[in-house]
Amino acid sequence: MTKNTAVLNWLEEMKNLVKPDKVVWIDGSKEQADELRAEACATGEMIALNQEKLPGCYLHRTAVNDVARVEGRTFICTSKKEDAGATNNWCDPKEMYAKLYKLYDGSYQGRTMYVIPYSMGVIGSKFSKIGIELTDSIYVVLNMLIMTRVGTAVLEALGDSPDFVKGLHAKKDIDEENRYIVHFPEDNTIMSVNSGYGGNVLLGKKCFALRIASYLARKEGWLAEHMLILGVEAPNGETRYICAAFPSACGKTNLAMLIPPEIYQKKGYKVWCVGDDIAWLRVGPDGRLWAMNPENGFFGVAPGTNLKSNPNALHTTERDTIFTNVVHNLEDNTVWWEGLNKTPPTNALNWKGEKWDPASGEKGAHPNSRFTAVAKNCPCISKEFDSTTGVPIDAIIFGGRRAKTAPLVYQSYDWNHGVYVGSAMASETTAAASGAVGVVRRDPMAMLPFCGYNMGDYFAHWIEMGKKIPHAPKIFNVNWFRTDDEGNFIWPGFGDNMRVLMWILDRCEEKVGAVQTPIGYMPKPEDINIEGLEDEGITPAVMKDLLSVDKDLWKEDIKGVKEFYAKIGDRMPKELYDELDKFEARLHA
Ligand code: OXD
Ligand code: MN
């Protein structure tokens, strides 16, 4: 498939290590993918679903001990520990290579090595980056074929360059005690062993497009971020783009695919999805920040996805989708998950493949069950999805789940203040997760588990980037999750979040004023359109409440920010301490 000596030499070394029975190059053709699907169905690795109702759709179950990303076993191995920083697990690269090589030794015996050349971003774009993943799992191959751009064309684009990210994955025994997801950013290398779960094994996604890419981005002067990208098209046909970073379980995929409320639809507004999870951002020749989605599909959480929360996501999964760890409805050979509708199937298997009785009170789908779906099957996919340059960004939004502290929306005073807002991002745990309710977890820019280097250096890089973007996006913070005294969400969320996006875009165009508060610029309650929300209980008085700022809560929150900064240590940029001081002074004024 290639004459590239860097690729061939590395492949030879890896073959000698894992000792596969045979090697298969993934060429990206439909014929090869069909053969692999047939093989996976023959061995039971995948189940073909009802091809009339769900054409091209399959079900897969992971091992029961292998259902999520494993942050405790995820490592950033830089030569110097400080370069990985206090928020990453670290090990000396030599020591880690030695440990891993022992684990990989002979691990492919009796198995096939699949060689997957893939591109993050449109093949051949100067903003894209190439990786090669070696895996012993057909499930990984078929997921990578959806999530990335794969095949011969990628090798042609690589030519004889040694500039590619090396990824070695081995399912081995799915042994939790010896599960490792390891990044060697200085060597452009990722090694994943003893897992078969998406986030740990689809190496293009979190491992490459965030951890390795964030490291490369700092070196090369751009940003790799855990952000969705969406476009809002106005009735005059002009589209403006927004990026948003939220921690997991805060609705990134839902916002990325939102359906505007009727009042906006009638006027001719449309929302287009460019990406739901990852954005690579660069300064364009016009001095604006441009974003592209390096992925080619969506690896979304199934539970809670339904016709109200996210009809676009649901329709995306109606064909060419791999479902993982959802309920298998034996009645018509389809799938189900909690929150899809109110009628769970009665003749069904749960995510473990056991006979399941919905009346038992046990969940049928795993809470982290997933769909791997083709981006181009999304009804609201942007026409810029395949753009080689990406889209220009007007606004960056940070957000989290805060019951009381953060208001519905506010705007930072300037770039550095916006970086402060991102660095202070936090989310509260919910009753849905085990552990105490309402515990604040800091997750700066939603990158805590995904930053491939020292978080202090990461913040400093954001500050530096601000100096290089003459027409930088404005930075905002949103909170869809304020609750009343009974703990009910006040804001209706979902499509109605468009109303907040409209204020944000109006601010970017300086079409609307704002109130100056200690936390930033805020809308006057009447500046957010609440027409048609009476039935949801949204009145001007409620808007006032959603936009109120309790200084005491913010003073308390600052204590958590200071603790977090102290943990990062001496690489925290002075500019953020200055922002913290200014914020405190505003709160005490
Ligand atoms: C995540 C994901 O865990 O996108 O953030 O899967
Ligand atoms: Mn994510």
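Helix α12 buries W415, H417, G418, V419, Y420, V421, G422 and S423, where buried means under 20% relative accessible area with a 1.4 Å probe, protein chains only. This is a predicted model, with local features needing pLDDT of at least 70, side-chain atom pairs counting only at pLDDT 80 or more, and totals for chains, interfaces and linings using all residues. Residues are numbered from 1 along each chain as written, chains are lettered from A and ligands numbered from 1 in written order, and side-chain values use heavy atoms, leaving out hydrogens and water.

**Helix α12**
- Eight of the nine residues in α12 (415-423) are buried; helices here are DSSP runs of H or I, at least four residues, and strands are E runs of at least two.
- D414 caps the N-terminal end, with a side-chain oxygen 3.3 Å from the backbone nitrogen of N416.

**Nonpolar cores**
- W280, Y420 and W462 touch the most other members of the largest core, which has 161 residues; a core is a set of buried Ala, Val, Leu, Ile, Met, Phe, Trp, Tyr and Cys joined through side-chain atoms within 4.5 Å.
- Helix α8 (residues 204-220) gives this core its largest share, nine residues.
- A second, separate core has 31 residues, including C77, M113, L168 and V193.

- K206 sits in α8 and H226 in the loop between β11 (223-225) and β12 (228-233), so the pair ties together parts 20 residues apart in sequence.
- K206 is buried at 7% relative accessible area, and H226 is buried at 4%.

Key:
Buried < 20%, exposed > 50% of the residue type's maximum accessible area, 1.4 Å probe, protein only. Polar contact = N/O pair within 3.5 Å; in protein donor to acceptor, adjacent residues only side chain to side chain.
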